[in-house]
Amino acid sequence: MRFGLILAAGRGERFGAPKQQAILGGHPLALWSILAFEQSSAVDLIVMVVDAGNVEFFEHQIRMRGIEKVEAVVPGGKERIDSLKAGLKVLPDEGYVAVQDGARPFVKAEEVTAGFRLVEKKGPVIYALPVTDTIKRVEQKVLKETISRDGLYRAQTPQFFPLEVLKEAVLSSGDEGFAGTDEASYVERMGVDIHVLPGREENIKITFPQDLELAEKLLASGTCP
Ligand code: C5P
């Protein structure tokens, strides 16, 4: 079985409001990922993780749109890792999972399908883009060094894993108190190879209010999704 795990909990501190309910092109932000996963022929079932107070809101939104693949909407936790664990708990130990930031509305159904194809053949897969800016390390507003961007990539979602691999990686990280900002960071630590598919500039993550404005513009111009 192939599962989509959409992470859409969290306070949205940098956004200044619970961003997952913010409306983009007529849908709450987190619904866009659900719609792309619903459309992908590779996805069997979807689990969505949201703030405890939003479970009913999203269940209603899903019902209203006749979305059929969502098996459960479960409450997340304070940190992303808590939400990831809450989602993994309701998934079986076998099969494959694609973990998706609910804050990335422009993922394409074809990208979801292509990722599942590759994970089944080769193991873990992420989408990522080469870094094009010059990268500096800054401490207390003072530049400390320039870091070579050779081989540096920006990780996006979705990220694909055999469920047993991701579960082992996340559970074994517990004792060391490691909290990754994406799923691949847990799996890397186990020494497992992770394959990289080319990401897309338009697959943006809504973090700040101006990102939502950019997303509206991308929609209006027909560039996305
Ligand atoms: O905070 P950031 O935008 O990096 O979060 C990435 C994704 O992780 C978002 O889709 C957010 O909803 C999700 N998340 C979560 N639970 C948290 C924090 C973030 O599901 N406690």
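**View A. In helix H3 (residues 80–89), the buried residues are Ile81, Ser83, Leu84, Ala86, Gly87 and Leu88.** The model is a predicted one, in which local features require pLDDT of at least 70 and side-chain atom pairs count only at pLDDT 80 or more, whereas totals for chains, interfaces and linings use all residues. Residues are numbered from 1 along each chain as its sequence is written, and side-chain values use heavy atoms, with hydrogens and water left out. Buried denotes under 20% relative accessible area, exposed over 50%, and partly exposed the range in between (1.4 Å probe, protein chains only). Helices (H or I, at least four residues) and strands (E, at least two) are DSSP runs numbered from the N terminus. The packing partners of the buried H3 residues are strand E1 (2–8), E4, E5, strand E6 (96–101), helix H5 (163–173) and helix H6 (184–188).

**View B. Helix H2 has the buried residues Val55, Phe58, Gln61 and Ile62.** These buried residues line one face of the helix, because they fall within an arc of 130 degrees when H2 is seen down its axis; the arc is that of the directions from the helix axis to the C-beta atoms. Glu56, Arg63 and Met64 are exposed residues on the face of H2 turned away from its buried side. Strand E3 (27–28), H1, E4 and E5 are among the elements that cover the buried residues of H2, where contact means heavy atoms within 4.5 Å. Just after H2, glycine 66 adopts a positive phi of about 65 degrees.

**View C. Lysine 69 is situated in the loop between helix H2 (55–64) and strand E5 (70–75).** Is lysine 69 buried or exposed? Its relative accessible area is 17%, so lysine 69 counts as buried. Not counting residues up to four places away in sequence, lysine 69 touches Phe37, Glu38, Ser40, Val43, Asp44, Leu45 and Ile46. Between lysine 69 and isoleucine 126, the C-alpha to C-alpha distance is 23 Å, and the two residues are 57 residues apart in sequence.

**View D. Serine 40 belongs to the loop between helix H1 (29–39) and strand E4 (45–50).** With a relative accessible area of 1%, serine 40 is buried. Its contacts, not counting residues up to four places away in sequence, are with Lys69, Ala109, Val112 and Thr113.

**View E. Glutamine 20 occupies the loop between E1 and strand E2 (23–24).** Glutamine 20 counts as buried because its relative accessibility is 6%. Which residues does glutamine 20 touch, not counting residues up to four places away in sequence? They are Leu7, Ala8, Ala9, Pro28, Leu29, Ala30, Phe58, Gly102 and Ala103.

**View F. Glutamine 140 and lysine 141 have positive phi values.** Phi is near 45 degrees at glutamine 140, a residue other than glycine, and about 70 degrees at lysine 141, which is not a glycine either. Glutamine 140 is found in the loop between strand E8 (135–139) and strand E9 (142–147), and lysine 141 lies in the loop between E8 and E9. Glutamine 140, with a relative accessible area of 78%, is exposed; lysine 141, at 82% relative accessibility, also counts as exposed.

**View G. A cis peptide bond joins threonine 157 to proline 158.** The omega angle of this bond is near 10 degrees. Proline 158 is part of strand E10 (residues 153–162).

View H. Along the principal axes, the C-alpha atoms fill a box of roughly 50 × 40 × 30 Å. Of the 225 residues, 48% count as buried. Among contacts with a separation of 6 or more, 73% are between residues 24 or more positions apart. The accessible surface is about 11400 Å², and 50% of this area belongs to carbon and sulfur atoms; accessible areas come from the Shrake-Rupley method with a 1.4 Å probe, and for residues only the protein chains shown count as cover. The protein carries 27 positive and 33 negative side chains, and the centres of the two sets lie 5 Å apart. Lys and Arg count as positive and Asp and Glu as negative, while His and the chain ends are not counted. Each charge is placed at NZ of Lys, CZ of Arg, CG of Asp or CD of Glu.
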